[in-house]
Amino acid sequence: MAGRFAPRPRTSALPAPRTSGGTGGGTGGSGVTAKTRVWVPPGDAFDLGLVLGPLRRGPADPTFRTPPDGSAIRATRTPAGPGTLRVRPGDGAVHAEAWGPGADWLLERLPEMLGASDDPAAFVPRHRLLAASRHRRPGLRLCRTGLVLESLIPSILEQKVTTIEAYRAWRLLVRKYGEPAPGPYGESPDGRRDSPMYVMPDPRTWAMIPSWEWHRANVDSKRSDTIVRAARVARRLEEAVDMTPELAAARLELIPGIGPWTSAETLQRSNGAPDAVTVGDLHLPGIVGYALAGRPDTDDAGMLELLEPYAGQRHRAVRLILLSGRTPPRRAPRMPVGRIAHL
């Protein structure tokens, strides 16, 4: 269930960047000038944690941080270069600060990333559970990052392994081959437990990672080869953000090793696709079947049948089911974590 639930608050956080108080920007603890923007979300309800939660890959994701003050910090690689974005809600608006070469790109696309192009009103609940879940979580919007590789690579790492393994691999590879995030969060302040944030490697670096480093990160050759193939055609894959979800999925699935599960997990984040339902998941069909029909043994076909009334909004329906917390009781122990490096 990687990346699908709202992140839990951290017990400690880096200090908020110091700003000059003007609208033109401020400086963080490292002395780097921050560019700022204020955006007012449409409607009354907006939940920043629900919107950006799927972008976080585990509690120690080096590219994402959620301090206790309700803000979210994201380090990413944009077409203009690396950038760090900090967003926080307040006074009915979202206040954003950005650092690095990608700062302008991030601020320009801030509304889209926070779900401005999403239409929650298009969803009509036909089950009591979904109606109750939407009532309790009215601030849910589907984000749209506009960045394919950023969501594709961690989704490949999550193929057919536990989330613990996938999160660890992502963390180790990004910290070793990425670069420090621009701005104050790319440094580790003295006396604090928080480690520096990192921007994920560029496509060429992903393609050049040696085989033994993939093994040390517990990534088998099937997944690493898929990432390398995707990195070599990264420019063509990034074009998928301007395609319809169907054409975008077809573009991604041209890469051997990328199937419907991986393409759906990617497009849910990069394109904000409201109908990109994840098929081929080990747990999701049972969760949907149990929540909507009391059948924990539901398969993919049964899940799609139950979600048919929500055609066009099936991903949103699944998000609301997961947020409801109604899951079948566990019937078996967790899958053990393998260690490829020990082979």
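Buried means under 20% relative accessible area, exposed over 50%, and partly exposed in between, with a 1.4 Å probe and protein chains only. Helices (H or I, at least four residues) and strands (E, at least two) are DSSP runs, numbered from the N terminus. The model is predicted: local features need pLDDT of at least 70, side-chain atom pairs count only at pLDDT 80 or more, and totals for chains, interfaces and linings use all residues. Residues are numbered from 1 along each chain as its sequence is written, and side-chain values use heavy atoms, with hydrogens and water left out.

**Exercise 1. Determine how many residues of helix α12 are buried, and what covers them.**

Step 1. The buried residues are Trp261, Thr262, Ser263, Ala264, Glu265, Thr266, Leu267, Gln268, Arg269 and Ser270.

Step 2. Contact means heavy atoms within 4.5 Å. The cover over the buried residues of α12 includes α5, α11 (245–252) and α15 (314–324).

Step 3. Just after α12, glycine 272 adopts a positive phi of about 60°.

Step 4. Glutamate 246 belongs to helix α11. Its C-alpha atom is separated by 9.9 Å from that of leucine 267, 21 residues apart along the chain. Leucine 267 is buried, whereas glutamate 246 is exposed, with a relative accessible area of 59%.

**Exercise 2. Identify the residues that touch the most other members of the largest nonpolar core.**

Step 1. A nonpolar core is a set of buried Ala, Val, Leu, Ile, Met, Phe, Trp, Tyr and Cys residues joined through side-chain atoms within 4.5 Å.

Step 2. The largest such core has 34 residues, of which Trp206 and Trp214 touch the most other members.

Step 3. At least two residues of this core come from each of α5, α6, α9, α10 (234–238), α11 and α12. The greatest contribution to this core, 6 residues, is made by α5.

Step 4. With neighbours within four places in sequence set aside, the contacts of tryptophan 206 are Ile153, Trp170, Leu173, Met200, Pro201, Trp214, Ile227, Val228 and Ala231.

**Exercise 3. Check the length of helix α6 and describe how α5 crosses α6.**

Step 1. The expected span of a helix is 1.5 Å times one less than its number of residues. The 15 residues of α6 should therefore span 21 Å, and the end C-alpha atoms are 21 Å apart, which agrees.

Step 2. Buried in α6 are Glu165, Ala166, Tyr167, Ala169, Trp170, Leu173 and Val174. Their packing partners are α5, β8 (198–199), α7 (203–208) and α8.

Step 3. Axes are lines fitted to C-alpha atoms, for helices over the stretch in contact, and angles run from 0 to 180 degrees between N-to-C directions. The axes of α5 and α6 come within 8 Å and cross at roughly 130°. This makes α5 oblique to α6, since angles under 35 degrees count as roughly parallel, over 145 as roughly antiparallel, 65 to 115 as roughly perpendicular and the rest as oblique.

Step 4. On the α5 side, Glu150, Ile153, Pro154 and Leu157 meet Ala166, Ala169 and Trp170 of α6. The residues of this contact divide into 6 nonpolar, no polar and 1 charged. Here Ala, Val, Leu, Ile, Met, Phe, Trp, Tyr, Cys and Pro count as nonpolar, Asp, Glu, Lys and Arg as charged, and the others, Gly among them, as polar.

Step 5. Arginine 171 also lies in helix α6 and is partly exposed, with a relative accessible area of 22%. Leaving aside neighbours within four places in sequence, arginine 171 contacts Ala60 and Pro62. Proline 62 is 109 residues away from arginine 171 in sequence, yet 6.2 Å away in space, C-alpha to C-alpha.

**Exercise 4. State whether lysine 160 and asparagine 218 are buried or exposed, and give the phi of each.**

Step 1. Most residues other than glycine have a negative phi.

Step 2. Lysine 160, although not a glycine, has a positive phi of about 55°. Lysine 160 occupies the loop between α5 (148–157) and α6 (163–177) and is exposed, with a relative accessible area of 78%.

Step 3. Asparagine 218, likewise not a glycine, has a positive phi of about 65°. Asparagine 218 sits in the loop between α8 (211–216) and α9 (221–232) and counts as buried at 4% relative accessibility.
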